[in-house]
Structure formats: C-alpha cells, structure tokens
Amino acid sequence: MKSIESKGRAAFGALALAALMIVPFVGCQVTRNGQTLPSPYYLEDDIQYHPSGNEFQYQQEVDHMNKINAERQAAMNGQF
C-alpha cells in the first residue's frame, strides 16, 4: 500500500514541477526594453488605428482665443 501512495506523490510532484516550469513560457503581452512583445493570440487581436493628429489637446481653444483677440484688436484699431 505504501508503494502506491509514494508513486502517487512522486507523480504529483513531477506534475507540479512540470507545471511550474511551463508557467514562464505561457505568454501574455509584455513590454521589454520599450518593445511590446506579442501575446500568443496576436493574430486574432483587433487592430486599433489611431489617426495622427495634433498632439496638443487644446488647439481648438487656443484658435478660438486667438480669434477673439484678433477681433478685439481689430475693434480697438477701428475705434481710433
């Protein structure tokens, strides 16, 4: 009876060791040295496209403020 129990423990130990050795090779998407490495499912991932644009977030506000200032300047020049 003892030999069956020890074989079961040995098999469980070998299985646990194999599982621990596989874990580092099971992939998730990671970033290493600034480079994004793909996950194992990268072929099935959706493509995300972000069109290039102005990186300054408040460009519309700045344009509006410049327009208002130009109108004020024109009004002041027209009064004199």
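Predicted model: local features only at pLDDT ≥ 70, side-chain atom pairs only at ≥ 80, totals over all residues.
Is Y58 buried, exposed or partly exposed in this structure?

Across the protein chain the mean pLDDT is 80, with 82% of the residues scoring at least 70. Confidence is highest in helix α2, residues 59–79, where the mean is 92, and lowest in strand β1, residues 30–32, where the mean is 69.

As for the overall layout, the chain contains 2 helices and 2 strands, and if we follow them from the N terminus the order is α-β-β-α. Of the 80 residues in the protein chain, buried ones make up 1%, while the exposed surface comes to about 8,200 Å², of which carbon and sulfur atoms supply 59%.

Now to the side chains, where the structure holds 1 aromatic pair. The partners are F56 and Y58, and because their ring centres lie 6.2 Å apart while their planes stand at 80°, the pair is classed as edge-to-face.

That brings me back to the opening question: Y58 has a relative accessibility of 49%, and therefore counts as partly exposed.

Note on methods. Residues numbered from 1 in each chain as written. Heavy atoms only, no water. Helix = DSSP H or I, 4+ residues; strand = E, 2+ residues; numbered from the N terminus. Buried < 20%, exposed > 50% of the residue type's maximum accessible area, 1.4 Å probe, protein only. Areas by Shrake-Rupley, 256 points an atom, 1.4 Å probe, with all protein chains shown as cover. Phe/Tyr/Trp six-rings, centres within 6.5 Å; stacked < 30°, edge-to-face > 60°. pLDDT = per-residue confidence, 0-100.
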